[in-house]
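The exercises below are to be worked with the sequence and the coordinates at hand. Each task is followed by a solution in steps.

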Amino acid sequence: MSAAQGFLFLLLLLGIAATGLRLVSRRAPIVPYPVLLAAGGVLIGSIPGLHLPPIGPDLFLLAFVPGLVFEASLSLDLDEMWRRLVPISLLATVGVFITVGLVGVLSHYLLGLDWASGFLIGAIVAATDPIAVVNLLRQIGAPRGLEAILDGESLFNDGTGVALFAAVLGTILTSHPSFGDAALRFVLVTVAGAAIGLIAGAASVALLRMVDEAELEILVTLVLAYGSYLVADLAHASGVVAVVVAGIVVARYGSRTGRLQGTQLHGFWRLLAFVLNAILFLLVGLALPTGRLVGVAGLVVAGYAIMSLARAVATYGILGAVDRRASSIPWRWRHMTVWGGMRGALSVALALSVASYPQIPARVSVIAYGMVVLSLLVQGGLLLPVADLLGLRTRTS
């Protein structure tokens, strides 16, 4: 089988698996669809004698992340997000720093990792990916404010998390790890990415004002999503931050003018996001280095416990400081925000990307990958029982 035939076979296999698992999820909605996809990918990848094309981090980052991030930006409830801006912004910034710091420190003292490896793992798993959580909350009729917090935090901490990862990795590769150097790199890649996204978004809005065809709107936004990411990536800035800012600029334009509402644009992006998510979560399972995970299984479980503790400390601490009386952010919302802070495909891509650097210990990539998949399977698998326990269901899913 040639490389092209192997790639086509992989796409067909993913399509068949995604369709079959979707039918299963509709008949048994207890486990969210993305979680079933990840589990299905693990099972497919473990079939003896099945040789599939290698899956690299560039595939995750370049093919999937821009489209998914832009669709999330475009479909944000901007009014609800504005009302929850303080907790969202703090969770996406201070929460990320707390997570990276706690994971780094505890990994060093409890797992015996060196400082650089500990903080790098923290940076890899800093960003949350609650796609399954938000979809489930919508199905069961959970409060919109809770959805906005989870959705907004995830969208913005994608940008801050990747920027912080780039800063930590950059300072490690210089062979002189330094907090000051990492902080400066973080500011530079974040500001540059935001500037590129703002310019690209403004240019796209100018184009959208001149078109009145749904096909052209789709084409303009498609070029914007992937083009802003590529330009930022080439400029060594944060591509995710650029896409987030560009998407919000277009979403604000659409919400003010009404031009982008009720057209084919949102239908196209919802369909694209569904397809990308289906393939992506299957690839997450397929790329799992099962054989190498056995040797570090204990570190993976301990790392997952540390990651969960860091999430709880950051979330309860920040939300407690924002709303001490729990009047606007009830305790059940806080519990779900902690539990819903799953890690996903972006963290997988970052974990895979560090495997190619000889300066980074090989087990760092494997440990981080295992922590992400464990997060998907454990937290994702128990989403509905936890939501019911917290009394968040108002209608049958």
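**Exercise 1. Salt bridges**

Task: Find how many salt bridges the whole structure holds, and describe the pair Glu80 and Arg83.

Solution. The model is a predicted one. A search of the whole structure gives 4 salt bridges. In one of them the side chains of Glu80 and Arg83 meet, with an N to O distance of 2.7 Å; this is within the 4 Å cut-off. Then check the accessibility of each partner. Glu80 is buried at 8% relative accessibility, whereas Arg83 is exposed at 56%.

**Exercise 2. A salt bridge between helices**

Task: Determine which helices hold Glu153 and Arg311, and whether each residue is buried or exposed.

Solution. The side chains of Glu153 and Arg311 form a salt bridge of 2.6 Å, N to O. Glu153 lies in helix α8 (residues 144-173) and Arg311 in helix α14, so the pair ties together parts that are 158 residues apart in sequence. For burial, the limit is under 20% relative accessible area. Glu153 has 1% and is buried; Arg311 has 6% and is buried.

**Exercise 3. Contacts of Arg334**

Task: List the contacts of Arg334 with Asp323 and with the ring of Trp331.

Solution. Start with the charge pair. Arg334 forms a salt bridge with Asp323, and the closest N and O atoms are 3.8 Å apart. Arg334 is in helix α15 and Asp323 in the loop between α14 and α15, 11 residues apart. Both Arg334 and Asp323 are buried. Now take the ring: the charged end of Arg334 sits over the ring of Trp331, 4.7 Å from its centre.

**Exercise 4. Aromatic pairs**

Task: Count the aromatic pairs, then classify Phe268 with Trp269 and Tyr316 with Trp331.

Solution. The count is 6 aromatic pairs. For Phe268 and Trp269 the ring centres are 5.5 Å apart and the planes stand at 80°; angles over 60 degrees count as edge-to-face, so this pair is edge-to-face. Phe268 is partly exposed at 25% relative accessible area, while Trp269 is buried at 1%. Ring pairs also join Phe70 with Phe268 and Trp269 in a cluster.

For Tyr316 and Trp331 the centres are 6.1 Å apart and the angle between the planes is 40°, a tilted pair. Tyr316 lies in helix α14 (residues 297-322) and Trp331 in helix α15 (residues 331-339), so the pair ties together parts that are 15 residues apart in sequence. Tyr316 is partly exposed at 30%, and Trp331 is partly exposed at 47%.

**Exercise 5. The chain as a whole**

Task: Compare the radius of gyration of the protein chain with that of a compact globule, and state how many helices and strands there are.

Solution. For 397 residues, a compact globule would have a radius of gyration near 21 Å; the protein chain has 20 Å, which agrees. Along the principal axes, the C-alpha atoms fill a box of roughly 60 × 55 × 45 Å. The chain has 18 helices and 0 strands. Buried residues make up 53% of the 397 residues.

**Exercise 6. A surface patch**

Task: Identify the residues of the nonpolar surface patch of about 390 Å², and locate Leu11.

Solution. The patch is made by Phe7, Leu8, Leu11 and Leu12. Leu11 is found in helix α1 (residues 3-27) and is partly exposed, with a relative accessible area of 38%.

Terms used:
Residues numbered from 1 in each chain as written. Predicted model: local features only at pLDDT ≥ 70, side-chain atom pairs only at ≥ 80, totals over all residues. Heavy atoms only, no water. Phe/Tyr/Trp six-rings, centres within 6.5 Å; stacked < 30°, edge-to-face > 60°. Buried < 20%, exposed > 50% of the residue type's maximum accessible area, 1.4 Å probe, protein only. Helix = DSSP H or I, 4+ residues; strand = E, 2+ residues; numbered from the N terminus. Lys NZ or Arg CZ within 6 Å of the ring centre and 35° of its normal. Patch = residues over 30% accessible without salt bridge, like charges linked within 9 Å, V, L, I, M, F, W, Y side chains within 5 Å. Areas by Shrake-Rupley, 256 points an atom, 1.4 Å probe, with all protein chains shown as cover. Rg over C-alpha atoms; globule rule 2.2 N^0.38 Å.
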